[in-house]
Amino acid sequence: MVGAITTYETGDKVTAGLTIAGIVIAIVRPFEIIAFRRRLARPLQLARAEAASWERRYIVDTVATALVLGVFAARSIVLGDALCSVMAIGIGFGFGAGVVARLALRPFAALLDLVAIAAPAAIATFMQPDLRHVGLWLLILMDVVASFEMVRLSFNASISQVTLKRQFEQLAAA
């Protein structure tokens with residue numbers, strides 16, 4: 001929706017292409033999730049290699065999504081339409097928050113996503129030498145650093161919980 005609005009308001013063909021890419025990714029991802037769930041429903045357990053293959057596919061999909069959103073935000077900044085930029089950057093921040101919430105147990109994937117979504121917008125803002133863009137660049141940088149820290153804290157907390165659970169199970173069995 002934001003891509004369509006930005007394309008309509010600016011007439012930018014690059015934004016139109018990014019919007020189409022985002023739509024294609026949004027259509028493909030649910031089919032991959034369905035395929036994975038069907039695979040899990042089969043009686044055979046996933047072998048380690050097969051699980052790693054599914055995880056790689058997931059990472060490629062989520063990084064592609066993040067990159068399209070990041071480039072879209074960067075393009076919106078370059079176009080200079082303030083409201084379209086706010087919408088695009090808002091989507092980026094929302095996606096980043098979702099990454100922190102859902103991928104903390106896979107910190108490598110989370111960090112790739114966060115870099116893919118933030119780097120294009122950070123580069124676009126850094127290249128604009130006015131105070132507003134420098135402020136936006138700093139805001140993006142602070143958000144990424146805070147997001148990295150949240151991924152680290154969430155991952156460590158989860159590992160601690162699993163370790164504690166195993167210790168209790170061992171004590172109960174003894």
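Reader: How many charged residues are in the lining of the largest pocket?
Author: This is a predicted model. Ala, Val, Leu, Ile, Met, Phe, Trp, Tyr, Cys and Pro count as nonpolar, and Asp, Glu, Lys and Arg as charged. On that basis the lining of the largest pocket holds 10 nonpolar residues and no polar ones, and its charged residues number seven.

Reader: Which element gives the most to the lining of the largest pocket?
Author: The largest pocket has a volume of about 410 Å³. Its lining has 17 residues, and those closest to its centre are Phe36, Ala51, Trp54, Glu55 and Tyr58. H2 and helix H3 (48-79) each supply at least two lining residues. The most, eight residues, comes from H3.

Reader: How many charged residues does the lining of the second largest pocket have?
Author: The lining of the second largest pocket includes 10 nonpolar residues. A further four are polar, and the number of charged residues is none.

Reader: Are H1 and H2 roughly parallel or roughly antiparallel to each other?
Author: The axes of helix H1 (residues 2-10) and helix H2 (residues 13-41) come within 9 Å and cross at roughly 165°. Angles over 145 degrees count as roughly antiparallel. The two helices H1 and H2 are therefore roughly antiparallel.

Reader: How many polar residues are in the contact of H1 with H2?
Author: The crossing of H1 and H2 is left-handed. On the H1 side the contact involves Gly3, Ala4, Thr6 and Thr7, which meet Thr15, Ala16 and Thr19 in H2. Gly counts as polar here. By class the contact has no charged residues and two nonpolar ones, and its polar residues number five.

Reader: Which element gives the largest share of the lining of the largest cavity?
Author: The count comes to one cavity of 30 Å³ or more. The largest cavity has 14 lining residues, and nearest its centre are Gly92, Phe93, Ile117, Ala118 and Ile140. Helix H4 (82-103), helix H5 (107-126) and helix H6 (131-173) are the elements that give two or more residues to this lining. The largest share, five residues, comes from H4.

Reader: How much space lies in the largest cavity?
Author: The lining of the largest cavity divides into 10 nonpolar, three polar and one charged. The space in the largest cavity is about 150 Å³.

Terms used. Residues are numbered from 1 along each chain as its sequence is written. This is a predicted model: local features need pLDDT of at least 70, side-chain atom pairs count only at pLDDT 80 or more; totals for chains, interfaces and linings use all residues. Side-chain values use heavy atoms; hydrogens and water are left out. Axes are lines fitted to C-alpha atoms, for helices over the stretch in contact, and angles run from 0 to 180 degrees between N-to-C directions. Helices (H or I, at least four residues) and strands (E, at least two) are DSSP runs, numbered from the N terminus. Angles under 35 degrees count as roughly parallel, over 145 as roughly antiparallel, 65 to 115 as roughly perpendicular and the rest as oblique. A crossing is left-handed if the near helix is turned anticlockwise from the far one by less than a right angle, and right-handed if clockwise. Contact means heavy atoms within 4.5 Å. On a 1 Å grid over the protein atoms alone, a cavity is a set of points where a 1.4 Å probe fits but cannot get out, and a pocket is an open set with protein on both sides within 12 Å along at least five of seven lines; lining residues have an atom within 4 Å of a point. Grid points are joined across faces, edges and corners, and a volume is the space filled by probe spheres set on the points.
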